[in-house]
Amino acid sequence: MNIVLIFLITIFSVSLFFYGKSKTKTISIKDNIKLNALPKFYGYYLVLWCSIPALVFLLVWSLFEPVIIKSIIIETAANQGAIFSDKNEANLIYEKIKAIHLGTYFGDIDSILRESALAYAKFINLFTNSKVVLIFGIIIASVIYSLKKIKNNNKARDDVEVILKGLLFVSSLIAILTTLGIIFSLLFESIKFFSVINIFDYLFGTNWSPQRAFVRDASSITAAEFEELKDAFGFIPLIAGTSFIAFIAMLVAVPIGLFSGIYMAEYASIKVRRISKPIIEILAGIPTVVYGFFAALTVGPFFRQIGENLGLTVSSESALAAGLIMGIMIIPYVSSLSDDVINSVPQSLRDGSYAVGATKSETIKQVVIPAALPGIIGSVLLAVSRAIGETMIVVMAAGLAANLTINPLESTTTITTQIVMILVGDQEFDSPKTQSAFALGLTLFIATLILNYIAQRAVKKYREKYD
Amino acid sequence: MTKEERLKKRHRAEKRFRFYGLTSIFVALLFVVILVQNIFSKGSSAFKKTVITTEVFFDQELLEIQNGASQEEIMEADFYDIMIENLIKAYPAKDRDEEDELLKLFSGDAEIEIKKAFLNDNNLIGKTITLDLTASDDIDQLHKGNYPRDLPEERRRISDFQLVIYDYFVENKKISKNFNNYFFNNGDSRDPELAGIGGALVGSFYSILICLLLAFPVAVLASIYLEEFAPKNKITDFIEININNLAAVPSIVYGLLALQILLATIQLPRSTPLVAGITLALMTLPRIIIPCRASLKAVPPSIREGALAVGASKFQSVFHHVVPLALPGTLSGTIIGLAQALGETAPLILIGMVAFVVDIPSSPVDPSSSLPVQVYLWSESAERGFVEKTSATIMMLLSFLIVMNFIAVYLRQKFEKRWN
C-alpha cells in the first residue's frame with residue numbers, strides 16, 4: 001500500500017513539475033508579464049509542496065500505526081475475555097490474531113481469537129482507508145495553496161531555496177535526534193533498573209552475577225528475591241576488568257604507536273612513509289571480529305601452551321591475550337594521531353635546538369615531545385576510549401565470569417562483554433537483568449563521553465597554541 | 001668522561017632511538033603479515049570440498065516414480081532407499097555396523113544430491129551413473145590434512161574402521177577435491193560440510209544497501225548545511241558537538257539504541273537487514289559527515305565568489321559549483337564509512353542477527369545473518385570444519401573491504417582537484 005502511495009505521489013509530483021513550468025511560461029507570454037523566476041522553479045515549487053507534506057505524513061503515520069493498532073487490539077481482546085498476565089503473553093496473543101488475519105495460523109481458534117481477528121481486520125481497513133483519504137486531502141490542500149501562489153507570480157526561486165534550506169537543516173538535526181535517542185533509550189531502562197537496585201549497591205558492589213537475578217514478576221519482587229538481587233549487580237569487578245584489559249592494550253599500543261608516529265614524522269623518508277603509513281592503518285580497518293577470532297583461536301591457545309611449558313596455569317581466555325590483540329588494533333590510532341600532532345610542532349623549535357648542538361633524538365625527546373605533549377595525551381585518551389568501548393575482541397577472547405584479579409593470565413570480563421551476554425538470545429523484558437545491560441551501556445556512554453571531551457579539548461587547545 | 005666519549009655516547013643514544021622507532025614500525029607491519037598469513041593458511045582450504053565418487057544405480061523397485069516424472073513428482077519422491085542401497089556398495093562392508101560406519105562418511109545431503117542428479121535427467125531409471133557425493137566433515141578435514149590420524153582411537157571422531165575405508169577410497173582414487181559450491185550457495189547449517197555464507201552475503205548486502213540509502217543523502221545534506229549555510233550560533237555549535245561525539249560513541253551503544261527504539265518501541269521485525277541497515281546508518285552518519293565536510297571545506301572560496309559574482313544565488317553557487325567539486329571526496333568518505341559498517345558486529349548481535357537462519361533471505365524484512373556475525377557464530381562452534389569456514393568467511397569479508405578501500409582511494413586520486 002505504502003509503495004503504491006509513494007508511486008502515486010511521485011507521478012503527481014512529476015506531472016505537476018511540467019504543468020507548473022509550461023503554465024507559467026504561457027501566462028508570461030499571453031499576459032506579457034515578466035516572471036519573478038525561471039519557469040522551472042515554479043515546477044520545483046509545486047513538486048516540493050506536493051511531495052514533502054504527504055511523505056512526512058506517510059512516514060509519521062507508518063511509524064505509529066502498528067503500535068496504535070496493537071494497543072487497541074490487545075484491549076479489545078481483553079474486553080472479549082482473553083486472559084494474559086504480562087506483556088509477553090499479550091504480545092503472543094496479538095501475534096496469533098495477526099496470523100489468523102493473514103491466514104497463516106494453524107492452531108485452535110476459539111471465539112475470543114476469532115472475534116479479535118475480525119476486529120483486527122476492521123481496524124486495519126479503517127486505518128488504511130483513513131490514511132489514503134488523509135494523504136489525498138493533504139496533497140490537494142497543498143497543491144491548491146501552491147498553485148495560488150504561482151498565479152500571483154511569487155519569487156519561486158527564493159521560495160524553493162527556503163524550503164530546501166529547511167530540508168538541509170532538518171538533515172543536520174538528525175545528529176541531535178540520534179544523541180537524544182541514545183540518551184532516552186539508555187536512561188529509560190536504567191531508571192527502571194535503579195528503582196529496584198540502589199545506585200550505590202551498583203556502583204560500589206564487588207560481586208557481579210546477573211544470572212542469579214532471576215525474577216518471575218518484576219512488578220512485585222519478594223523480600224527474598226530482593227536480597228538475592230541486591231548484591232548481584234556490583235559494578236566494581238566489571239570496571240576493574242575493563243580497565244585492566246584496556247591497560248594491557250595501552251602497554252602495547254602506546255610505545256609501539258608513539259615510536260612509529262615519531263619515526264614517521266621525524267625520520268622516515270617520504271617513500272618509507274608513503275608505504276608504511278597505509279599498511280599500519282590497515283590494522284584500524286580490519287573488523288574487530290577478525291581480531292577476536294585470531295585472539296580466541298590462535299593467541300589464547302598459544303599463550304596457554306607457553307604457560308604449560310613454563311609450568312604456569314594460563315587461562316585460555318586470559319586478559320593478556322585479549323589485551324595484547326586489542327593493543328595491536330589500537331596502534332594506528334595512537335600512531336597516526338601522534339604523527340599529526342608532532343608534524344604540527346613548528347620547525348623553528350627544532351631549529352633552535354639544533355642550533356645549540358643537540359642531536360636529533362635529543363631534540364625530539366627534550367623539545368618536540370614536551371611541546372606536543374597535550375596533543376599526544378589527547379590521542380592516548382582517544383585510544384583509551386576506543387579500548388573500553390571495544391566489544392568483539394573481549395566477547396570472543398576474554399572470559400565471562402567477573403573475577404576481581406590483577407593476574408593477566410587469569411580470565412576477566414568487561415562491561416561490553418556483559419552487555420552482549422545479557423542481551424543475546426531471548427530476553428525477559430522488564431527484568432532487572434535485562435535492564436542492567438542498559439545501565440552498563442549508560443555507564444559506558446558517560447565514560448567514553450568524558451574521555452572524548454577531555455581528549456578533544458586537549459588536542460584543540462594544543463592546536464590553537466601553534467596556529 | 002672526555003668530550004669524545006660523551007659525543008660517542010650521545011650518538012649511540014641517537015642510533016638506539018632510531019632503532020626503537022624502526023622496530024615499532026616493523027612490529028606493526030609484522031603483525032599485519034602474521035594475521036593475514038594465519039587467516040589465509042587456515043581458510044584457503046574451505047574453497048574446496050572433499051567428494052567421494054560413487055556409482056548410483058536407479059533401481060525401479062526402490063522408487064515410486066517412473067521415467068519422465070514431472071518436477072513436482074521427483075521433489076516429493078523418496079530417494080532414501082536408493083541412497084542407502086548405493087552408498088553401502090561403495091565399500092564391501094561385512095555387517096550392519098560396518099555399513100552404518102560407511103554411511104557416516106557421506107554428508108547429510110547425499111539423498112538430495114542424488115535427487116538433484118535425477119532432476120537433471122529424469123530418464124535414469126534402470127541406469128547407472130557416477131556421482132561426486134559430498135563427504136562428511138570428518139572425512140573432509142582428514143583428506144585436507146587438518147585432522148591428525150595418529151591419535152588413539154577414542155580421542156578421534158573417526159573410527160579405525162572408517163580410516164580403513166578412507167584408505168581404500170584413496171587407493172582406488174574414489175576420493176577427490178572439488179570446488180565448494182555449498183560454501184557460496186548455502187545458508188547456515190549445523191553440519192560444517194553443508195554450511196555456507198550465501199545467507200550472510202545476502203543479509204550483508206541488504207544491510208549495507210539500506211545503510212547507504214539512508215546515510216548518504218542525509219550526511220551530504222547535513223554537511224552542506226553545516227559547511228555552507230549554517231549561521232554561527234548556539235544551535236550550530238550544538239549540532240557540531242553532537243556529531244563529533246557520536247563519531248566516538250562505542251558501536252555497542254548503537255545496538256542498545258536500536259534494541260530500545262527500533263525493536264521495542266517501533267516494533268520493526270527482529271534479526272532483519274532492515275533494522276541492521278537503520279542501525280548501521282545511524283552509526284555511520286557522523287563518520288560520513290566528517291569527511292564530507294572536510295572535502296566541502298577544501299573547495300576554495302574563489303569558486304563560490306565567482307558564481308555569486310555572475311548572479312547565481314547562494315544555492316546555485318553551492319549546488320552547481322561547490323558540491324560537484326567536492327563529490328569525489330564525499331564519495332570516498334562514504335565508501336570508507338560503509339566499509340566500516342560492513343565489518344561492524346556488536347550492534348548486529350544485539351538486534352538478534354545471531355539467530356540460526358538456514359534460509360537465504362529474499363527481502364530485507366526476512367531474518368538473516370551478516371558476514372561478520374557469521375564469523376562470530378561459527379567461531380563459537382566446536383567442529384574443526386567451522387574453523388576453516390570461519391577463516392574463509394573472513395577472507396571474503398577482507399576482500400570486500402580491500403575492494404571498497406581501493407575504490408575510495410581511486411576516486412580521490414583520479415577525480416579530486418588539488419587547489420594550490
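How many residues of domain 1 of chain B are in contact with residues of domain 2 of chain B?

Mentor: The model is a predicted one, and the description below should be read accordingly. In chain B, eight residues of domain 1 are in contact with seven residues of domain 2. The two domains are assigned as residues 45–179 for domain 1 and residues 198–415 for domain 2. On the side of domain 1 of chain B that touches domain 2 of chain B, three residues are nonpolar, three are polar and two are charged. Taken over C-alpha atoms, the centres of these two domains of chain B are 45 Å apart.

The chain that holds this contact may be considered next. Chain B comprises 17 helices and three strands. Its radius of gyration is 30 Å, well over the 22 Å given by the globule rule for 420 residues, so chain B is more spread out than a compact globule. The C-alpha trace of chain B spans about 90 × 75 × 40 Å along its principal axes.

Chain B also meets chain A: 67 residues of chain B are in contact with 68 residues of chain A. On the chain A side, the largest share comes from helix H5 of chain A (residues 156–196), with 20 residues. The side of chain A that touches chain B is made up of 42 nonpolar, 21 polar and five charged residues.

Chain A likewise has an assignment with a domain 1, residues 2–154, and a domain 2, residues 236–466. The centres of domain 1 and domain 2 of chain A, over C-alpha atoms, are separated by 49 Å.

Helix H13 of chain A (residues 360–389) packs with helix H16 of chain A (residues 432–466) at an angle of about 160°, and their axes are 8 Å apart. An angle over 145 degrees counts as roughly antiparallel, and H13(A) and H16(A) are therefore roughly antiparallel to each other. The crossing in which H13(A) passes H16(A) is left-handed. From H13(A), the residues that meet H16(A) include A:Pro374, A:Gly375, A:Gly378, A:Leu381 and A:Ile388. Among their counterparts in H16(A) are A:Leu444, A:Ala447, A:Leu451, A:Ala455 and A:Tyr462. Classed by type, the residues in the contact of H13(A) with H16(A) are 14 nonpolar, six polar and one charged.

How values were computed: Residues numbered from 1 in each chain as written. Chains lettered and ligands numbered in written order. Predicted model: local features only at pLDDT ≥ 70, side-chain atom pairs only at ≥ 80, totals over all residues. Axes fitted to C-alpha atoms, helices over the stretch in contact; angles between N-to-C directions. Helix = DSSP H or I, 4+ residues; strand = E, 2+ residues; numbered from the N terminus. Parallel < 35°, antiparallel > 145°, perpendicular 65-115°, else oblique. Left-handed = near helix turned anticlockwise from the far one by under 90°. Contact = placed C-beta atoms within 7 Å. Nonpolar A, V, L, I, M, F, W, Y, C, P; charged D, E, K, R; others polar. Domains from an automatic or database assignment. Rg over C-alpha atoms; globule rule 2.2 N^0.38 Å.
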